[in-house]
Amino acid sequence: SGPKVLAGRRVIVTSGPTHEPIDPVRYLANRSSGRQGHAIATACAAAGADVTLVSGPVTVPDPAGVRTIAVETASQMLEAVEASLPADVAVMAAAVADWRVASASERKLKKPADGAPPVLELVENPDILATIGRHHTLRPRLVVGFAAETDDLLENALSKLARKGADFIVANDVSPATGVMGGEANTVRIVTPDGNEEWPKMSKIEVADRLVARIAASLDKPESG
Ligand code: C5P
């Protein structure tokens, strides 16, 4: 294994989608595979970090040498992340559902006799990245978010950086033609308050390795993130 550039560091990573229940058998979800977040947790552990991975439902295996906490909903993910603080670094790679059903039914919804489909009322989920990035007492030194966009990648990443209190945004183009969502490869741009770097197309594992090197370099700088 490579140099232990994150030895002695505590890292929290979120990964995967969240599932937001509609009733006991149905849920709202998204196409996130968890591959990128799990690769980041694996790379942090390989670099010597003490890693807690908070993951939504995924089919990829739990990484070796990592404390994995399995959750389903955004609310559970936030609770697990807060319970895992303090940390030196937080990497929020999960594709958290923006909304949940306002009051999930305790019973399976049935097709009514008159045929009118149910209307789902949605409410906003907590923003885990913003909660951690703006944490008053336990903000990690380095907070990293992702921005999966189909349009206006850079503008959206810059506004996310400010709005969510992140130090880096890893911005990726998830237009269907790129095959990023659910695929093996990724093309990302690292957006920071001091500028941004475009990385060539590479595997999600290589993105994770480079991100670890970038995080370690930031932590080793005496000043800020
Ligand atoms: O606003 P948007 O969902 O595009 O922001 C993406 C970033 O914010 C990702 O890092 C994601 O993990 C994080 N996020 C979060 N909680 C939410 C929504 C997004 O942590 N409810």
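**Entry 1: Asp 220 and its partner**

I looked up Asp 220 in this predicted model and noted that, at 54% relative accessibility, Asp 220 counts as exposed, because the cut-off for that word is over 50%. I then searched for a charged partner and found that the side chain of Asp 220 meets the side chain of Arg 9 in a salt bridge, with 3.4 Å from N to O. Arg 9 sits in the segment before β1, whereas Asp 220 belongs to helix α5 (residues 204-220), and I wrote down that the pair links distant parts of the chain, 211 residues apart.

**Entry 2: other salt bridges**

I reminded myself that side chains of opposite charge can pair when their charged atoms come close. My count for the structure came to eight salt bridges, and I followed up two others from that list. The side chains of Glu 149 and Lys 160 meet with 2.5 Å from N to O; Glu 149 lies in strand β9 and Lys 160 in helix α4, so this pair ties together parts that are eleven residues apart in sequence. I checked how enclosed the two partners are, and found Glu 149 buried at 13% relative accessibility and Lys 160 buried at 14%. For Arg 189 and Glu 198, I noted closest N and O atoms 3.2 Å apart, and here Glu 198 counts as exposed, at 55% relative accessibility.

**Entry 3: strand β1**

Is β1 largely enclosed or open? I found that five of the six residues of β1 are buried, so this strand is largely enclosed by the rest of the structure. I next looked up its neighbours: six bridges join β1 to strand β4 (residues 50-55), and the two run parallel, with Thr 52 of β4 as the bridge partner of Ile 12. Strand β6 (residues 89-92) also runs parallel to β1 and is joined to β1 by four bridges, among them the one that pairs Thr 14 with Met 92.

**Entry 4: the largest pocket**

I turned to the largest pocket, for which I noted a volume of about 1100 Å³. Of the 42 residues that line this pocket, the closest to its centre are Ala 94, Ala 95, Val 96, Phe 146 and Ala 148. The elements that give two or more residues to the lining include β1 (10-15), which I had already examined, as well as α1 (35-46) and α4 (153-164). Which element gives the most? I found that β9 does, with four residues. Finally, I sorted the lining by residue type and recorded 19 nonpolar, 13 polar and ten charged residues.

Technical notes
Residues are numbered from 1 along each chain as its sequence is written. This is a predicted model: local features need pLDDT of at least 70, side-chain atom pairs count only at pLDDT 80 or more; totals for chains, interfaces and linings use all residues. Side-chain values use heavy atoms; hydrogens and water are left out. On a 1 Å grid over the protein atoms alone, a cavity is a set of points where a 1.4 Å probe fits but cannot get out, and a pocket is an open set with protein on both sides within 12 Å along at least five of seven lines; lining residues have an atom within 4 Å of a point. Grid points are joined across faces, edges and corners, and a volume is the space filled by probe spheres set on the points. Ala, Val, Leu, Ile, Met, Phe, Trp, Tyr, Cys and Pro count as nonpolar, Asp, Glu, Lys and Arg as charged, and the others, Gly among them, as polar. A salt bridge is a side-chain nitrogen of Lys or Arg within 4 Å of a carboxyl oxygen of Asp or Glu. Buried means under 20% relative accessible area, exposed over 50%, partly exposed in between (1.4 Å probe, protein chains only). Two strands pair if DSSP finds at least two bridges between them.
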